[in-house]
Amino acid sequence: MSELIVNKLRAAGCVFAEDEAKLLISAARTAAELEEMVNRRIAGLPLEHILGWAEFCGLRIAVDAGVFVPRQRTEFLVRQAIALARSGAVVVDLCSGSGALGAVLAANFERIELHAVDIDPDAVRCALKNVSMAGGHVYVGDLYEPLPATLRNSVDILVANAPYVPTESIRLLPPEARIYEGPVALNGGKDGLDIIRRVADEAALWLVPGGHLLVETSERQVPLTVEIFSRNGLTPRVATDQELEATIVIGTRT
Ligand SMILES: C[S@@+](CC[C@H](N)C(=O)[O-])C[C@H]1O[C@@H](n2cnc3c(N)ncnc32)[C@H](O)[C@@H]1O
């Protein structure tokens, strides 16, 4: 049975066919359910949407249909945020998707005050499952707009894995992302930096002096991102992880 599934998945182009087969077999309650799951995977649905969860920084994060699947690369941003945070920190996760980043931050400290925002109501419903255990607040809306005004000047850590794919490059993404995650999760406008620009524009209003904004970018977007941060009263620092192919820019409110 398992070999048959591995072969089917491999023929459909799944690179990690054996691992995926194991996960699907352990998730299915009946043979019929397993067959349906395998067929959905062969049709191109992301594995995480079929399972209903993704592993991220060692946590099992609920990921509902249509919600952005947290990428392994983003674990680098989270590790950097953990290094800058402390127990009791006020943390805001903008463009939170499933809420994965905030959930991991919360799991790493005895206590943090967590606020997560996403514009997509499906993502917000999903984030609620992941951050409510940590006592986190989740809001639906456009970037800072739904946050309570009392948070101004008081945020220690602001993480934003915002959409940063240039519009023209979306057609080059694998179908799993293009079809099942959708433009609102991916499209960063002409140069990919439209949303990051808006995040940086207002960051200094919300960060405590010495607080940090962390965003993920592509290597090509670094010079412009650094310039955007500097223009907005944020001292920029670039960090990269070759293995994860991750690039982030950290801006500290001066
Ligand atoms: C690349 S996904 C990242 C999700 C999550 N941070 C992660 O890394 O798994 C970007 C997310 O930004 C959200 N988004 C896009 N535009 C937004 C906006 N103007 N305000 C709030 N969220 C937005 C999308 O709905 C999507 O969930």
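The following questions and answers concern a predicted model. Residues are numbered from 1 along each chain as its sequence is written. In this predicted model, local features need pLDDT of at least 70 and side-chain atom pairs count only at pLDDT 80 or more, while totals for chains, interfaces and linings use all residues.

Reader: How far apart do the C-alpha centres of domain 1 and domain 2 lie?
Author: Domain 1 covers 2–43 and domain 2 covers 72–253; these bounds come from an automatic or database domain assignment. The separation of their C-alpha centres is 33 Å.

Reader: Which elements give two or more residues to the shell around the ligand?
Author: The ligand is surrounded by 22 residues, and the closest are Pro 70, Cys 95, Gly 97, Asp 120 and Asn 161; a residue is near a molecule if its C-beta atom, placed from the backbone, lies within 6 Å of it. Helices (H or I, at least four residues) and strands (E, at least two) are DSSP runs, numbered from the N terminus. The elements that give two or more residues to this shell are helix 6 (100–107), strand 4 (113–118) and helix 9 (183–186).

Reader: Is Cys 95 buried or exposed?
Author: Cys 95 is in the loop between strand 3 (90–94) and helix 6. A residue is buried if 20 or more other C-beta atoms, placed from the backbone, lie within 10 Å of its own, exposed if 12 or fewer, and partly exposed in between. Because Cys 95 has 25 C-beta neighbours inside 10 Å, it counts as buried.

Reader: What is phi of Leu 143?
Author: Most residues other than glycine have a negative phi. Leu 143, in the loop between strand 5 (137–140) and strand 6 (155–160), has a positive value instead. Its phi is near 45 degrees.

Reader: Why do the buried residues of helix 7 lie on the same side?
Author: The buried residues of helix 7 (residues 121–131) are Ala 123, Val 124, Cys 126, Ala 127, Asn 130 and Val 131. The arc is that of the directions from the helix axis to the C-beta atoms. These residues are on the same side of helix 7 because they cover an arc of only 165 degrees.

Reader: Which residues does Asp 191 touch, not counting those up to four places away in sequence?
Author: Asp 191 is in the loop between helix 9 and helix 10 (194–206). With 15 C-beta neighbours inside 10 Å, Asp 191 counts as partly exposed. Contact requires C-beta atoms, placed from the backbone, within 7 Å. The residues that Asp 191 touches are Pro 166 and Leu 224.

Technical notes. Contact = placed C-beta atoms within 7 Å.
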